[in-house]
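Take a walk through this model, from the whole chain down to single residues.

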Amino acid sequence: MNPTETERPPRDAASLVLLRDGSAGLEVLLLRRHADSRVMGGVHVFPGGKLDPTDCSPDALAALDLEAEQLLARLDEPALTPEKAAGLHLAALRETFEEAGLLLAESADSAARQALADRQAGGEALADAMAALGLRWQASAILPWSRWITPRHPASGAAFDTRFFLARLPTGQEARHDGYETTEAVWLAPRQALTLHAEHRLELVPPQLMSLVKLARHADVDSAWNEALSARPPRIQPEASDVDGERLLYLPGDPLHSVRERALPGPTRLHWLPRRFEPVGGFAAWFD
């Protein structure tokens, strides 16, 4: 192991990539994290966050519309327990409600969403509030998309093992930022978001960048959804090195990555600059 690497274990996390069909095709939801956030302040991300121990509790998992064993099979991670697999699905759904106001649950009309938000704001446990309102999380409405593990490198900051899920924007609901963890909610076509990043008008990190690269190859939500249905979620753990003062990030499939099989379309090597990532080869490399 490179002596600059760290053995810090990554924290489990979950994130939801929300899609809708816009006038010009597929669009994805991005939330801007508060500039003062200790982790990725000012960065545009998908809704998500750390797995909370309560996400795996029996009371919380009782509010899912699929059994834990089914959700374990979807993730294709034999080392996980069924409870943690189900908890990761729930964490993605919970964080999306808390950060973006979107409730992927059965019978989730506007009154139910407001009642749930009010109960949670009043200090009631989310699982208790869900039960009291007769709501069940729709784990069936999300699909595993990818798994990203923070590279073992001191400059990477906080370390996470994040499972990304795909979801459609629920009918009749609108995304909004919470004003606390997030300060902006925007819907963008994948190529548009990558262009704004290239113009230094949008700050993105590799899981978002490479998800956008992958989504840019789909004309509409159905196309992306069908890919998620038919493919196993790739596992991506970037590897980093410093060469002649230049920091580089390698993705699976790159000749200098320990995993030789490509996991994603697009570039396999990124320049790792202060608060910025760019593909080696320039903007066009996103679409190679």
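The text below starts with the overall fold and then turns to one helix and a few loop residues.

This is a predicted model, so to read it note the thresholds: local features need pLDDT of at least 70, side-chain atom pairs count only at pLDDT 80 or more, and totals for chains, interfaces and linings use all residues. Residues are numbered from 1 along each chain as its sequence is written, and side-chain values use heavy atoms, with hydrogens and water left out.

Start with the whole chain. The chain has eight helices and twelve strands. Helices (H or I, at least four residues) and strands (E, at least two) are DSSP runs, numbered from the N terminus. The radius of gyration is 19 Å, close to the 19 Å that the globule rule gives for 288 residues, so the chain is as compact as a globular protein of that length. That radius is taken over C-alpha atoms, and the rule is 2.2 Å times the number of residues to the power 0.38. The C-alpha trace spans about 60 × 40 × 40 Å along its principal axes.

Of the 288 residues, 50% count as buried. Buried means under 20% relative accessible area, exposed over 50%, and partly exposed in between (1.4 Å probe, protein chains only). Among contacts with a separation of 6 or more, 65% join residues 24 or more positions apart. A contact means heavy atoms within 4.5 Å. The accessible surface of the chain comes to about 13300 Å², by the Shrake-Rupley method with a 1.4 Å probe; for residues, only the protein chains shown count as cover. Carbon and sulfur atoms hold 49% of that surface.

Now zoom in on helix 5. This helix covers residues 126–133, and its Leu126, Ala129 and Met130 are buried. Viewed down the axis of helix 5, the buried residues fall within an arc of 100 degrees, so they line one face of the helix. The arc is that of the directions from the helix axis to the C-beta atoms. Helix 3 (82–100) and helix 4 (110–121) are among the elements that cover these buried residues. Glycine 134 follows helix 5, with a positive phi near 70 degrees.

Which residues does tryptophan 137 contact, leaving aside its neighbours within four places in sequence? The list includes Leu90, Leu93, Arg94 and Phe97, as well as Leu126 and Met130. Two of those names, Leu126 and Met130, are buried residues of helix 5.

Another buried loop residue is proline 252. Its relative accessible area is 5%. Proline 252 lies between strand 10 (246–250) and strand 11 (269–273). Beyond its neighbours within four places in sequence, proline 252 is in contact with residues including Arg235, Ile236, His257 and Thr268.

Aspartate 76 lies between helix 2 (68–75) and helix 3. Its phi is near 55 degrees, a positive value in a residue other than glycine. Aspartate 76 is partly exposed, at 37% relative accessible area. Aspartate 244 is in the loop between strand 9 (239–243) and strand 10. Aspartate 244 is not a glycine, yet has a positive phi of about 50 degrees. With a relative accessible area of 80%, aspartate 244 is exposed.
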